[in-house]
Amino acid sequence: MDFTRRETLALGGAAALTFVLPFRANAAVDDVIAEFTGGAAVGDAGVELTAPEIAENGNTVPIAVSAPGATSVLVLAAGNPTPGVATFNFGPLAASQTASTRMRLAGTQDVIAIAKLADGSFARSSKTVKVTIGGCGG
Amino acid sequence: MASGVKPRVKVPKSASAGEAIVIKTLISHPMESGQRKDGDGNPIPRSIINRFTCEFNGQTVIDITMEPAISTNPYFEFEATVPEAGEFAFTWYDDDGSVYNDNKAITV
């Protein structure tokens, strides 16, 4: 099979795109995380994210975060057009650093929670949610 | 301003001092994400509630910043400590500058 110059270029372009697109999406997530943590190292223990394994409807996916002693928790959806979901800032009268809400997911993807703990360190937890029907309109 | 915005909050009527209570809040709001398109293919502009706060007698319980990924009719459930009798103040901030309030008193 012979490739003309034009076909080769088109193939190369397509291949480059498939590499660049996921990288860009990840870069957006990394940027948001870096902005939240200020570039500090992120540990594993200290935050718990509860999300369903399979969500039938991506428009309302119930999630809960729990991070004992945390001052704030950032929730991200890595596969959404904009990765940010919400930031929970806990005040002095919060009985426990837990909160739950409902979020939109565009498709099957990782949901990430990053907590800023009382001692200033950061913890991360993530969970993959399978979405049957996406939640971003058409 | 989004029409038909109605906050609903569930707080126990009374609690013992220092007790942790569960608060559930819901506000009816379309939370238009800015990603959708109308029938003619024009993007529908973003219109969401971007911040929710809950205070008890002036002290913060929780302060949530929201992005378009929060579902229609944003729902939140969290826990608060009640040190004395007083009033919870719930505030929602809309993208268009509207502010929605609700207050709930609690006795000890």
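Predicted model: local features only at pLDDT ≥ 70, side-chain atom pairs only at ≥ 80, totals over all residues.
Local features are given only where pLDDT is at least 70 and side-chain atom pairs only at pLDDT 80 or more, whereas totals for chains, interfaces and linings use all residues. Residues are numbered from 1 along each chain as its sequence is written, chains are lettered from A and ligands numbered from 1 in the order in which they are written, and side-chain values use heavy atoms, with hydrogens and water left out.

**View 1. An open sheet contains strands of chain A and chain B.** Its six strands follow the order β2(A)-β4(A)-β7(A)-β5(B)-β2(B)-β1(B), with antiparallel pairing. Strands here are DSSP runs of E with at least two residues, helices are runs of H or I with at least four, and both are numbered from the N terminus; two strands pair if DSSP finds at least two bridges between them. At the edges stand β2 (48-50) of chain A and β1 (7-10) of chain B; each has a single partner strand, so one side of each is left without a neighbour in the sheet. Neighbouring strands of this sheet are turned against each other by 20° on average, direction ignored; the axes are lines fitted to C-alpha atoms, for helices over the stretch in contact, and angles run from 0 to 180 degrees between N-to-C directions.

**View 2. β2(A) pairs with β4(A).** The two strands run antiparallel and are joined by three bridges, β4 of chain A comprising residues 61-66. Within this pairing, Glu48(A) has Ser66(A) of β4(A) as its bridge partner.

**View 3. Chain A and chain B meet at an interface.** The contact (heavy atoms within 4.5 Å) takes 28 residues from chain A and 30 residues from chain B. About 2,300 Å² is buried between the chains, and carbon and sulfur atoms give 51% of this area; buried area is the accessible area (1.4 Å probe) that two parts lose on being put together, summed over both. In chain A, the residues losing the most area to chain B are Leu93(A), Arg102(A) and Arg104(A), together 32% of what that side buries.

Between the two chains the count of salt bridges is zero, a salt bridge being a side-chain nitrogen of Lys or Arg within 4 Å of a carboxyl oxygen of Asp or Glu. Across the interface, 18 residue pairs are in polar contact, both residues at pLDDT 80 or more. A polar contact is a pair of N or O atoms within 3.5 Å; within protein, one must be able to donate a hydrogen and the other to accept it, and residues adjacent in sequence count only if both atoms are side-chain atoms.

On the side of chain A that touches chain B, the elements giving two or more residues are β6 (84-90) and β7 (94-103) of chain A. The largest share, nine residues, comes from β7(A).

View 4. Thr87(A) stands opposite Thr65(B) in β4(B).

**View 5. β3(B) pairs with β4(B) and with β6(B).** Chain B has seven strands and zero helices. Strand β3 of chain B (residues 49-56) is joined to β4(B) by six bridges in an antiparallel arrangement, with Cys54(B) opposite Ile62(B). The hairpin of β3(B) and β4(B) has two residues between the strands, and Asn57(B) there takes a positive phi near 50°. β3(B) also pairs with β6(B) in the antiparallel sense over seven bridges, where Glu55(B) has Ala89(B) as its bridge partner.

**View 6. β6(B) and β7(B) form a hairpin.** Eight bridges join β6 (residues 86-94) to β7 (residues 99-106) of chain B, which run antiparallel. Phe90(B) stands opposite Asp102(B) in β7(B). Four residues lie between the strands of this hairpin, in which Gly97(B) takes a positive phi near 95°.
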